[in-house]
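Welcome, and please open your viewer. We will walk through a few selections one at a time, with a note on what to look for at each stop.

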Amino acid sequence: MSQKMTRRRLLLGGAATAAVVLVESSFGKMVQTGIPEAAVDPTKQVGPLPGVLGTRSPFEHPQRKPSLTSSQTPLQDLYGMITPSDLHFERHHAGVPAIDPNSYELMIHGMVDKPTVFSLADLKRFPSVSRICFIECSGNFRKPDKENITPQDICGLTSQSEWTGVMLSTLFREVGVHPKASWFLAEGSDAAVMTRSIPVSKGWEDAMIVYAQNGEAIRPQQGYPARLLLPGWEGNTSVKWIRRIELSDGPFMTREETSKYTEPVKDGKIRQFSFTMDARSIITYPAYPAQLQKGWVEIRGLAWSGRGKIRQVEISTDAGKTWNAARLQEPVLDKAHTYFRYLWQWDGDTTAIMSRAIDETGYVQPSLEELIAARGIGTGYHLNPVTAWLIRRDGQVVYSPEKWK
Ligand SMILES: Nc1nc2c(c(=O)[nH]1)N[C@H]1C(S)=C(S)[C@@H](COP(=O)(O)O)O[C@H]1N2
Ligand SMILES: [Mo]
């Protein structure tokens with residue numbers, strides 16, 4: 001019997017199901033990766049030894065839902081304000097490029113005194129900053145067409161990380177941005193060569209070039225080795241794999257701000273450069289596919305606003321007749337997912353529960369009817385309606401479809 005088999009036997013003799021692999025580590029020892037699904041008696045056997053990378057419990061299976069263009073965060077499976085990096089939603093217009101950090105370059109030019117090409121090492125030498133904020137795709141909405149859909153299906157194109165990098169204002173000072181420069185172009189190095197025009201004021205205010213996410217290098221799917229981060233603005237403007245910033249005195253009118261990412265408003269008008277993500281909330285528990293029992297239920301969820309902090313989240317447990325304030329989990333951060341909780345005693349009757357976010361500017365999350373009245377059916381961008389969950393007598397929780405003409 002090989003050494004491999006001996007060690008496997010020794011370590012996992014009592015495991016009921018052992019989906020375990022032994023691999024040769026860099027130290028030449030046999031290292032066990034993966035945790036057995038269940039031991040008959042875990043006190044009677046030595047478990048897996050320390051490994052090179054951590055794993056999820058084999059009993060937990062949170063997963064994104066990939067399509068050809070995006071994958072959504074499973075909001076109903078998560079707790080708290082941070083999205084695990086491997087569950088951050090993805091939206092790629094032409095896939096994920098493979099970029100060598102050693103040959104990565106970011107050029108800043110146009111209306112500047114000193115056009116400069118920065119390497120990744122150059123970017124990392126500047127004073128760094130970390131902040132927690134969400135990124136949300138402006139197309140983050142699923143029409144209420146059926147009952148059996150989850151928070152992930154409705155609005156899983158929002159995720160939150162701690163981002164680390166350099167303030168764009170630091171780089172602006174370094175290259176000497178002209179006082180008359182009013183817009184800049186941000187360009188990605190993926191096959192889509194994603195380009196967006198951004199007002200220079202956002203660059204001075206809180207824009208960042210980030211190279212780290214939740215304590216490690218930013219993931220390829222999020223823009224490795226560096227992306228633009230525009231807190232609170234539609235996800236599309238946070239250009240990933242950023243390679244060029246050009247300062248100018250007007251917008252560049254790229255495809256993504258003319259043909260795409262515009263939306264109809266009243267009187268046949270079209271809104272362009274609709275950057276700010278409006279306040280929104282979603283109850284992530286109880287939500288489909290949860291099954292309730294009569295008695296105490298802690299309603300939980302997320303609220304966020306691209307305009308600033310969440311001031312209040314209101315909960316209705318009687319289909320919108322009365323509203324009460326939820327408790328907000330500290331810290332409540334600027335332009336950040338905020339976790340809320342609300343204790344409720346379910347009496348076993350059919351009802352609908354819903355949440356409504358109010359941000360520090362006083363903006364109140366609208367109903368779907370209010371949004372349709374204001375904008376018509378629209379293009380599907382920037383839709384943030386109050387979401388209701390229907391609770392049936394048998395405790396089944398389903399999405400409550402509202403009218404969508
Ligand atoms: N270069 C580049 N940047 C990009 C994109 C892209 O396809 N290419 N997608 C944009 C869109 S539409 C969104 S919503 C966000 C998604 O960021 P994420 O994939 O890290 O969640 O990235 C934006 N930045
Ligand atoms: Mo997006």
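## First stop: a covered helix

Start with helix α4, residues 168-175, in this predicted model: the helix is mostly covered, with 6 of its 8 residues buried. Which residues of α4 are buried? Show side chains for L168, S169, T170, L171, F172 and V175, and you have them. As you compare their directions, remember that an α-helix has 3.6 residues a turn, so residues three or four places apart point the same way.

Now step just past the end of α4 and select G176, where the backbone takes a positive phi of about 70°.

## Second stop: the annotated domain

Next, color residues 93-252. An unreviewed UniProt entry annotates this range as "domain: Oxidoreductase molybdopterin-binding". Over residues 93-252 the chain is 16% helix and 36% strand.

Finally, center on ligand 1. Of the 20 residues around ligand 1, the ones that come nearest are F89, H93, D190, R227 and K240.

- F89: a polar backbone atom is 2.6 Å from an oxygen atom of ligand 1.
- Q222: a polar side-chain atom lies 3.1 Å from an oxygen atom of ligand 1.
- H88: an N or O atom in the side chain is 3.2 Å from an oxygen atom of ligand 1.

How much of ligand 1 does the protein bury? Taken alone, ligand 1 exposes 530 Å², and the protein buries 100% of that. Hide the ligand and look at the space it takes: this is the largest cavity.

Methods:
Residues numbered from 1 in each chain as written. Chains lettered and ligands numbered in written order. Predicted model: local features only at pLDDT ≥ 70, side-chain atom pairs only at ≥ 80, totals over all residues. Heavy atoms only, no water. UniProt positions renumbered as here; feature names shortened; annotations may be inferred. Helix = DSSP H or I, 4+ residues; strand = E, 2+ residues; numbered from the N terminus. Buried < 20%, exposed > 50% of the residue type's maximum accessible area, 1.4 Å probe, protein only. Near = heavy atom within 4 Å. Polar contact = N/O pair within 3.5 Å; in protein donor to acceptor, adjacent residues only side chain to side chain. Areas by Shrake-Rupley, 256 points an atom, 1.4 Å probe, with all protein chains shown as cover. 1 Å grid on protein atoms, 1.4 Å probe; cavity = no way out; pocket = protein on both sides within 12 Å on 5 of 7 lines; lining within 4 Å. Sits in = over half its atoms within 2 Å of the grid points.
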